[in-house]
Amino acid sequence: MHGRIEIITGPMFSGKSSELIRRVNRYRIAGYNVQVYKPLMDNRYGTDIIASHDNEKLKAIAIRSVEDILFTLEEKTDVVAVDEIQFFDERILYIANEIASKGKIFIASGLNTDFRGEPFPFLNSKRTIAELIAQADRVDLLSAVCTYTENGIKCGCEATKTQRIVDGEPASYASALVLIGASEAYEARCRKHHLVPGRPGK
Ligand code: ADP
Ligand code: MG
C-alpha cells in the first residue's frame with residue numbers, strides 16, 4: 001500500500017467526526033489495522049471515545065502530545081486516524097508526513113478556521129491547518145447548514161464557517177480563544193452570516 005495524507009475539514013457540525021468514523025469502520029471491515037487518536041484536552045464526551053454530534057462513537061487513544069502517535073504506532077498498522085487535529089501542536093505536520101512515508105494512510109479531521117474565520121493555528125504556533133491541507137493527497141471540505149435566523153426565516157445555505165456566540169452576541173475579533181466564566185456557544189454559518197465585529201479590513 002502507498003502512504004497518503006487525507007484531511008477532512010470544515011466548520012463545527014459539518015460531519016467531520018462522522019466521516020472519520022465512517023472511514024475507520026470501512027477500513028476495519030476490509031481487514032486493515034487502524035489506530036485511532038484524539039487530543040486528551042478535548043474531553044467533552046469522555047477521554048477515550050470520539051463522538052459525533054449524531055452520537056456515533058469510536059474508541060480512540062487520547063494523547064497529550066503528538067509524539068505519542070509515534071511512540072504508540074505499531075508496525076502492523078495500516079491506517080492512522082486522528083480527530084480534532086487543530087488541537088495539536090505544529091509537530092503534527094512532520095508526523096503526518098512521516099507516517100505517510102512509512103506507507104501508511106494518515107487520515108485527520110479538523111476545523112478549517114477559528115471563530116475569526118482565519119486558518120486554525122496549531123497549538124502555540126503561527127503555522128496552521130492550511131499547511132496540512134496543502135500537503136494532503138486528498139482533502140474533503142464538508143459544510144453544515146447555516147442556522148442564522150432573521151424574523152423567523154432560516155438562512156439554510158451551505159455553512160463553511162464556525163460562528164462563536166458569547167453571552168448571546170457574535171464574539172468580537174479581539175476576544176480570547178478561551179473565555180472563563182462567559183457562556184459561549186458555536187453555530188454553523190455561511191459566509192454572509194459569519195459575523196466577527198472588529199475584524200480588520202471589514
Ligand atoms: P463535526 O465533527 O464536524 O463537528 P459531527 O460529525 O460531530 O460534526 O456532527 C455532524 C452532525 O451534526 C450532523 O449530521 C447533524 O446531525 C448535526 N448538526 C447539528 N447542527 C447542524 C447544522 N447546523 N448543520 C448540519 N448538521 C448539524
Ligand atoms: Mg468533531
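Tutor: One definition to begin with: two strands pair if DSSP finds at least two bridges between them. Keep in mind that this model is predicted.

Student: OK. How many bridges join β6 to strand β7?
Tutor: Four bridges join them. Strand β7 covers residues 105-111, and the two strands run parallel. In that pairing, Val82 stands opposite Ala108 of β7.

Student: And how many join strand β2 to β6?
Tutor: Four bridges again, with the strands parallel. Strand β2 is residues 34-39. Val36 is opposite Ala81 in β6.

Student: Which way do the residues of β6 point?
Tutor: Val79 and Ala81 point one way from the strand, residues 79-82. Val80 and Val82 point the other way.

Student: Are they buried or exposed?
Tutor: Val79, Val80, Ala81 and Val82 are all buried. That means each has under 20% relative accessible area.

Student: What do β6, helix α3 and β7 make?
Tutor: A right-handed β-α-β unit. Helix α3 is residues 91-101.

Student: New topic. What is the order of the strands in the open sheet of three?
Tutor: The order is β14-β13-β15, and the pairing is antiparallel.

Student: Which strands are at the edges?
Tutor: β14 (169-170) and β15 (184-189). Each pairs on one side only.

Student: How many bridges are there between β13 and β14?
Tutor: Two, in the antiparallel sense. Strand β13 is residues 161-166.

Student: What is the bridge partner of Val166 in β14?
Tutor: Glu169.

Notes:
Residues numbered from 1 in each chain as written. Chains lettered and ligands numbered in written order. Predicted model: local features only at pLDDT ≥ 70, side-chain atom pairs only at ≥ 80, totals over all residues. Heavy atoms only, no water. Buried < 20%, exposed > 50% of the residue type's maximum accessible area, 1.4 Å probe, protein only. Right-handed = clockwise from strand over helix to strand, strands pointing away.
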